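Here are my notes on the model you sent over, as numbered points. Have the viewer open while you read.

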Amino acid sequence: MMKNIGNNPIHKHQANHNRGKNKRGSNWLAVILFRISRRDFSFCLTALFLFCLGSLCWQLNGGPPNLLQDIRYYFGQSTFTDDHGPIAPKVLPFPRGVVYNRVGKCGSRTIVLLLRILADRHQYTLVSSDIHNKTRLTKHEQATLIRNISDIPQPFLYTRHVHFLNFTRFRIDEPVYINIIRDPINRFLSNYFFRRFGDWRGEENHLVRTPGMKDEERYLDINTCILENYPECSNPRLFYIIPYFCGQHPQCREPSKWALEKAKQNVLEHYLLVGVLEELEDVLLLLERLLPHFFSDVLNIYKSPEYKKLGNLTGTVRKHTPSLEALQVLYQRMEYEYIFYNYIRDLFHLTKRKMGLHSGPRPSRHHHNPASRTHTDEQDDN
């Protein structure tokens, strides 16, 4: 006879015991799996964090961190660098941006002509602004221009007639500044006659620059202008070079010791090089050494016959030297300009010595007596 096992109390107890045991086993298994999953998840997050950190270090340092290289060496594993050679170096040079806030009638058109050749040869972005008569900007205009300059594809060189712009004031990385100045009276005379008669590029050039100038002003004798204190030949118009380095502050526009000292400070803090036009070849040589990506081979280009043909067209026509009396008056009115010019020239000569540049003896005299000077026409371009 078959026994009814399902109704046996002993068997029922044993079955309940087995089910309880299986249930407890399942709970422990779930707990173990949960702990393993949480541990694996933490491990994955940690591995991802270390990977991102290592990748960041790789990019910042231009290569893999030493720790990763040591690990690779320990395990003897090859890398992409081992199999394919070193990673190509970064194309962008240092600095990535240069600003040349060119001073009017200080050889800037000569430099711009050279830059157009150099930019094409060395593959950098050249932006040469055609705005000549807006050197002073509102705060909004400063911010806009600074942002526009910062957005130029790198590497770039930006040039414009504009007073110094302080990029750090607007919390934007500052490019490298360069500039060139010249003897203040020579600069003034070049500008005076250029506005009236232009240069060798064409007889109509001056009419484009000053279309509304009347004949009595155009043919005004330079001595009359100076000695009779015409506005064009007196301050504040004679206070011209310093504001390019002093900056956009309203006080930079008036002849003062404050503006002079501020200009000196900005030169020391923000400019890589400020040269003097009377020693242009040395300026070009220093630019070639200090900024090779932008100015490499510039001196050879400047001396080439092809360039000479272009450069000869930039000289101001009909320029002549005022009387000794007029020169003495000009010098007195331009006292701050000459203090600044002599300061820049001394800095330039110091830089030449530091760079080991020996270009022959140069007169070290400071300009005190206009009668002892000869006014040369090194480069009269704008």
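What covers the buried residues of α12?

1. First, the ground rules. This is a predicted model, where local features need pLDDT of at least 70 and side-chain atom pairs count only at pLDDT 80 or more, while totals for chains, interfaces and linings use all residues. Residues are numbered from 1 along each chain as its sequence is written, and side-chain values use heavy atoms, with hydrogens and water left out.

2. Now the overall picture. The protein has 17 helices and five strands; these are DSSP runs numbered from the N terminus, with helices being H or I of at least four residues and strands E of at least two. Of its 382 residues, 41% count as buried (buried is under 20% relative accessible area, exposed is over 50%, partly exposed is in between, with a 1.4 Å probe and protein chains only). Among contacts with a separation of 6 or more, 74% come from residues 24 or more positions apart; contact means heavy atoms within 4.5 Å.

3. Back to the opening question. The cover over the buried residues of α12 includes α4 (108-122), β4 (176-181), β5 (271-276), α13 (292-295), α14 (298-303) and α17. The buried residues themselves are Leu280, Asp282, Val283, Leu284, Leu285, Leu286 and Leu287.

4. How do α12 and α17 cross? The axes of α12 (residues 280-290) and α17 (residues 335-354) come within 11 Å and cross at roughly 55°. Axes here are lines fitted to C-alpha atoms, for helices over the stretch in contact, and angles run from 0 to 180 degrees between N-to-C directions. The two helices are therefore oblique to each other (under 35 degrees is roughly parallel, over 145 roughly antiparallel, 65 to 115 roughly perpendicular, and the rest oblique). The crossing of α12 and α17 is left-handed, meaning that the near helix is turned anticlockwise from the far one by less than a right angle; clockwise would be right-handed. Asp282, Val283 and Leu286 of α12 make the contact with Phe348, Thr351 and Lys352 of α17.

5. Helix α17 has another partner to look at. It packs with α11 (residues 257-270) at an angle of about 20°, the axes being 10 Å apart. That makes α11 roughly parallel to α17, and their crossing is right-handed. On the α11 side you'll find Lys257, Leu260, Ala263, Lys264, Val267 and Leu268, which meet Tyr336, Ile339, Phe340, Tyr343, Ile344 and Leu347 of α17.

6. Next, the aromatics. Rings of Phe, Tyr and Trp (its six-membered ring) pair if their centres lie within 6.5 Å; planes under 30 degrees apart are stacked, over 60 edge-to-face, and the rest tilted. By this rule the count comes to 13 aromatic pairs. In Phe188 and Tyr192 the ring centres are 6.0 Å apart and the planes at 45°, so this pair is tilted. Both residues lie in α6 (residues 184-197), four residues apart, about one turn of the helix. An α-helix has 3.6 residues a turn, so residues three or four places apart point the same way. Phe188 is buried at 4% relative accessible area, and Tyr192 is buried at 1%.

7. Tyr240 and Tyr244 make a tilted pair too, because their ring centres are 5.4 Å apart and their planes at 50°. Tyr240 is partly exposed at 24%, whereas Tyr244 is buried at 0%. Elsewhere, ring pairs link Phe164, Phe167, Tyr177, Phe245, Tyr271 and Phe340 into a cluster.

8. What lies over the face of Tyr240? That is Arg187, at 3.7 Å from the ring centre. Lys308 does likewise over the face of Tyr302, at 4.5 Å from the ring centre. The rule is that NZ of Lys or CZ of Arg is within 6 Å of the ring centre and within 35 degrees of the ring normal.

9. Last, two loop residues. Arg237 sits in the loop between α9 (222-227) and α10 (241-246) and is exposed, at 54% relative accessible area. Not counting residues up to four places away in sequence, Arg237 touches Pro231 and Glu232. Gly247, in the loop between α10 and α11, is buried at 4%. Leaving aside neighbours within four places in sequence, Gly247 is in contact with His163, Phe164 and Cys252.
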